[in-house]
Each structure stands twice: as C-alpha cells, then as structure tokens.
Amino acid sequence: MSQNKKALFIIFGGTGDLAYRKLYPALYKLYKKNYLNENFAVIGTARREWSDSYYQEVVYDSIQDIKESDQEAKEFASHFRYQSHNVNDTENYISLLKLADQLDEKYDIEGNRIFYLSVSPSLFGTVSSHLRAENLITENGFNRLIIEKPFGTDFVNSNALNNDILESFTEEQIYRIDHYLGKEMIQMLLALRFGNPLFKQIWNKHFISNIQVTLAEDMGVEERGAYYEQSGALRDMVQNHVLQIVSLLYMNEPSSNDSKAILKAKVDALKNLKAVNQENINQNFVRGQYTTSKDNPDILDYVSEHEVDPESNVETFIAGKIESTHENWEGVPIYIRTGKRMKAKNTQINIVFKKDTMNFFSTEEVKENILSIHIGPNEGLSLQLNNKQIGHAFELEPIDLIFNPSADAPDDYERLILSALMGDKTNFVHWDELAESWKYIDSIREAWSKAESPLYLYEVNTNGPTEANELLENNNDYWVWS
C-alpha cells in the first residue's frame, strides 16, 4: 500500500501567521517524506489581494530553513494556488469550487478535501454552511474539517457553535486540533502508562503521591492583547492543553487502542473531576497577573501591553489543584500551573511517587522517585531514583535515568495533518471532551466571580505569585520544577 496520500487542502486564513510558521512547513515535511507527492494541491484563501505567484513565494520563503534543495522547494510551492475570499460572499465560494475542481482534475485527487479553518471562531458556522450550500463538499472522496482553537468562549457558546457546524459536517468529519496532542512526549504517555507493567501496576493512589503539570511561557501576550483580554490563561491554556493532559493522566486503561475507546476513557476522566464551587475555589485555584520588576524595568506589565485595558483584571497565570472522584485516584491531586512571563519556557509533567517509610534507610535519606516527562523546549524522559553514593560510605543520593528522543521526530502539526489525511481521530478533540472541559472551566469562572477571588500580581521572570506555592505546601508537597 502506497503511503502517498491524495488530498486538496483549502486553508481559510492562508495569509496568517499560523499558516506561515506551522502549516506550510508541516506540509513540506510530509512532502519530503512522500506522504504527499504529485497528488495534492493547496488553495490559500484570505481577504488580501495576492496572486498565485506571490503566494507561492510566501510558501517558498516559509520553508527556507528546512528545504533540501531549491528545485524541490519550488516544485512543492507550485502545488499552491491563492484566492482572495470574503467568507460571507456566496460568489466567492462558487469561484472557489471552480478552482478546486480544476486542481482535483489536474492532480488526480479523486475528490478528497481537507478544509482548514484558521479563522475567528465566529466564522466557523458561516464557512461550514457555505461549503455545504455551494457544493464544495464532494460525494466521491473524503471531506474533513480541521478547526483551530479557540472553540467557543464557554459551554453555551461552544455548543451553539458546534451545532452550527453539525448542520454541514458530521462529527466524524470534524477534526478539532489541539497541537499539544501532536507532541511526541504527549503521545508517549499512553505507551508509558499501558505498555509497561512497571508503570501500569503502580499508576494509582497506592503508589503516586501527586502529579504536577507545568506549562510555563517566558513571553508576554505580545500582539495578542485583544484576544487575551477575552480569554485569559484559564480559557487560553487550561480549557484545552492542560485538561487534555489531565485526562490522559487520570484516565483508566481503554478497552482497546482505537480512537473511540481512548475517547471514552478520556471523557470519563473529565466527568470524574471533583466539582469546583464558591466554597473551595480559593483553596484550590490561584490566579495572577504579571507586572514589571526592578530587575526587568524594560519589560511591560500586562496592563501596559498593546490593546489591553489599563484596569484589566484578566489572569495571565493560573495554578490549581485538580482532583478526581474516581476511587483509583482518591487523595492524588494533579497540580497545574501555567502562565505568561515566567522564569523560563518549560512544559513538563512530573509524577511524584510516594516514599516508602518502611525500610532500613532513614526517611530523610530517601528521596521521592519522580518520573518527569519533558515536553518542551527539550523533549525527553527522566526517572529519579535513589542510589548508593560512590565511595566508602553507604549513603544514598538521587540519580536520573534519562531518555532523549530522536531529533528527527515529527513535529506536532506535521503529525496531526498526517493523522487527518489518514482519517485517524485519536489525537483530535471530540465534542464530548470539549463539552466536559467547558463545563469544568465555566464552574471555575463562576466560582471566582461569586467568591470574589483575588488577582495576585507576580513579577516578570518569576514562577508566578508565591500564593501558588501554598496549594502544595498545605498538603506538604512542593513544586518539583522551580
């Protein structure tokens, strides 16, 4: 069976930063690896008035750092066409259909189409309905709709948005992208948990003390101030990336390794999250906002960023203690932490195992065994163990067993686009997951409002407000990464 896939990609938002930085390089990598060859084409659409030749130059420029040769890069870019497009104009879709049919015939694509929506969520329903009404959805090939986040602003809004899309596409045709699910180390989680009897047997309350998830960014909101004013860290990071990771950590073993079984296990894990309310919100969640510091006077505080309200109380940091009601996880919290302008860019998961108090070493000598999953910027695994110090004395010291994956591992968008081409939805977000995550996020926002939860300021280039440490200290825990 040939690995070459036939497809026409129609990218709404083809002139955007995401397309330039992520989508075009990902498509080129698939081209280099022969997943895409002669039988593919790309139509980029946006409001700008670009020509095909200029668009191809943009695509060519986007792959300069990874191209193997000028000739190959130009041949790849030759498969791209551009159409200036108003998403509300029916005539534009009629023109788009004509171009799509021409490219389908030219490249023998057989009616396979992937529609990629890298536009405002408010336009998802509009674009979807026009694709159906103007017959861009084919009958003789597959049709798949890839949607970028954010998908709504709360459960009610996202549900209405989803219903709009379902009028034109089935759930099986919808691929909601969360690029974290395409990361190598996130994909390793299931293999680690269920492919190793060592971890499979101890992944429960009897052996794990707590789990920590850190998604730290050293940059500020940059040019995304207007968006961030509407989202904050809770909607921007926790609703999607963080809760997806939490579901993979708390889920029970699926009945099989197919996408439907994995989905069910993840949804069950999200349904089992302990409720957050006005009474417990301030004991379990801390919100913060970055401010300038004497050591970094040139770095703006959040309220001075472009398109940010000077009186804004939007959180740029959130730390929380998430718990499960499932009997396997009684007393085992997942501590989460994510924020802007933190000390360093770092994404990692730390599984902290319980100390064995019944042994001939003193409790002070025995350190916790910690399994660390390093997601970025450096990928890998490390397992902290206790070992005898080298020398005459019989004393313990912690050592790390380290694994670093191959440098040529696929990047997240390359992996996810290939999954969409193959019709594999395992690493895409199903509506059932999205619904449960929004319900949980909505409960936090409602509880914050009712409890008048404080917004703590933290200096840039730190690990957030000190109050975040108290979430762990109250349970005699500590942040592994600091």
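Modeller: This is a predicted model, in which local features need pLDDT of at least 70 and side-chain atom pairs count only at pLDDT 80 or more, while totals for chains, interfaces and linings use all residues. Residues are numbered from 1 along each chain as its sequence is written, and side-chain values use heavy atoms, with hydrogens and water left out.

Colleague: What does His 241 touch?

Modeller: Not counting residues up to four places away in sequence, His 241 touches Lys 149, Asp 178, His 179, Tyr 180, Leu 215 and Asp 236; contact means heavy atoms within 4.5 Å. UniProt, in an unreviewed entry, lists His 241 for "active site"; such annotations may be inferred rather than shown by experiment.

Colleague: Why is His 241 called buried?

Modeller: Buried means under 20% relative accessible area, exposed over 50%, and partly exposed in between, with a 1.4 Å probe and protein chains only. His 241 has 2% relative accessibility and therefore counts as buried.

Colleague: Why does Gln 239 count as buried?

Modeller: Its relative accessible area is 6%, so Gln 239 is buried as well. The side chains of Gln 239 and Ser 437 are joined by a polar contact of 3.0 Å. That term requires a pair of N or O atoms within 3.5 Å; within protein, one must be able to donate a hydrogen and the other to accept it, and residues adjacent in sequence count only if both atoms are side-chain atoms.
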